[in-house]
Amino acid sequence: MTGSAPNPHLIREVSGLRPGSALEAGCGAGAEAIWLASQGWQVTAADIAAEALERAAVRAAGTDTGDRISWVRADLSTWEPGTRFDLVTTHYAHPAMPQLDFYERIADWVKPGGTLFIVGHLHREDHGHGHGHGHGHGHGHGHGDGHNHSRSGGHGHEGESTPPAEASASGAAIAERLTADRWVIATAEEGPREMRGPGGRAVTVHDVVVRATRRS
């Protein structure tokens, strides 16, 4: 599916985990949720944007994953799942609340022994100047067909080379919210990548990637 491949960070970091229950927080048009389901996860995929959820459900119907995904329309700044998950993931969400508060909020939905996986827009002092910092790996974004921009819990668009500062965070800031008494941080990376943006033009984006395990 051109322009709708799952995020390569997710594939790299989650492929080795034993499948269980998963929440994709801000699922957009569903690339990550469908990939997780294809790996055997039972997925709850939540987003505020009804149109994105409709596209995602149609996409999933063309695969053998449909019975392993529940699509939920929800504002993630107020919604409560009513359960905890073995894996909670989010990719480029623009929540209707402070970004770090959002990450801390969804972290509460991880079971003891479970995994939190965040891919977000990297906060940089030189926003808009095209220079990354930290260390990372080349990767693709995986969202090319439009996502919610309403600041209510959906994805940011893959062409956002300079996302809103309030929707950005650093690895250190995220890690500070995941306190050592409750979390073991396995991955904390920052880095740029080049991708094809609207019209096929080259765009440099800067990501922060954090994977953490909740202590039992």
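Which residues does Phe 102 touch, not counting residues up to four places away in sequence? In this predicted model, Phe 102 touches Ala 25, Leu 76, Thr 90, Ala 93, Pro 95 and Met 97 when residues up to four places away in sequence are not counted. Phe 102 has a relative accessible area of 0% and is therefore buried, the cut-off being under 20%.

Phe 102 also belongs to the largest nonpolar core, a set of 26 residues in which it is listed with Leu 23, Val 88, Trp 109, Leu 116, Ile 174 and Leu 178 as having the most contacts inside the core. At least two residues of this core come from each of β1 (21-25), β4 (85-91), α4 (99-107), β5 (110-122) and β8 (202-214). Apart from this core lies another, of 20 residues, which includes Ala 33, Trp 35, Ala 45 and Val 119.

Two aromatic pairs are found in a search of the whole structure. One of them joins Trp 79 and Trp 109, whose ring centres lie 5.6 Å apart with 85 degrees between the planes, an edge-to-face arrangement. This pair links distant parts of the chain, since Trp 79 sits in the loop between β3 and β4 while Trp 109 sits in the loop between α4 and β5, 30 residues apart. Both Trp 79 and Trp 109 are buried. Tyr 103, with a relative accessible area of 3%, is buried.

The parallel strands come next. β1 and β2 pair in the parallel sense over five bridges, and within this pairing the bridge partner of Ala 25 is Ala 46 in β2. β2 (residues 42-47) is itself mostly covered, with five of its six residues buried. On pairing with β3 (residues 69-73), β2 again takes the parallel sense over five bridges, with Arg 73 in β3 as the bridge partner of Asp 47. Here too the unit is right-handed, being made of β2, helix α3 (residues 50-61) and β3.

Not counting residues up to four places away in sequence, Ala 202 touches Glu 194 and Met 195. Val 205, by contrast, is buried, with a relative accessible area of 4%. The C-alpha atoms of Val 205 and Arg 193 are separated by 5.6 Å, although these residues are 12 apart along the chain.

Taken as a whole, the protein has five helices and eight strands, which run from the N terminus in the order α-β-α-β-α-β-β-α-β-β-α-β-β. Of its 216 residues, 53% are buried, and its accessible surface comes to about 9,000 Å², with 50% belonging to carbon and sulfur atoms. Among contacts between residues at least 6 apart in sequence, 75% join residues at least 24 apart.

Note on methods:
Residues numbered from 1 in each chain as written. Predicted model: local features only at pLDDT ≥ 70, side-chain atom pairs only at ≥ 80, totals over all residues. Heavy atoms only, no water. Core = buried A, V, L, I, M, F, W, Y, C linked by side-chain atoms within 4.5 Å. Buried < 20%, exposed > 50% of the residue type's maximum accessible area, 1.4 Å probe, protein only. Helix = DSSP H or I, 4+ residues; strand = E, 2+ residues; numbered from the N terminus. Contact = heavy atoms within 4.5 Å. Pairing = 2+ DSSP bridges. Right-handed = clockwise from strand over helix to strand, strands pointing away. Areas by Shrake-Rupley, 256 points an atom, 1.4 Å probe, with all protein chains shown as cover. Phe/Tyr/Trp six-rings, centres within 6.5 Å; stacked < 30°, edge-to-face > 60°.
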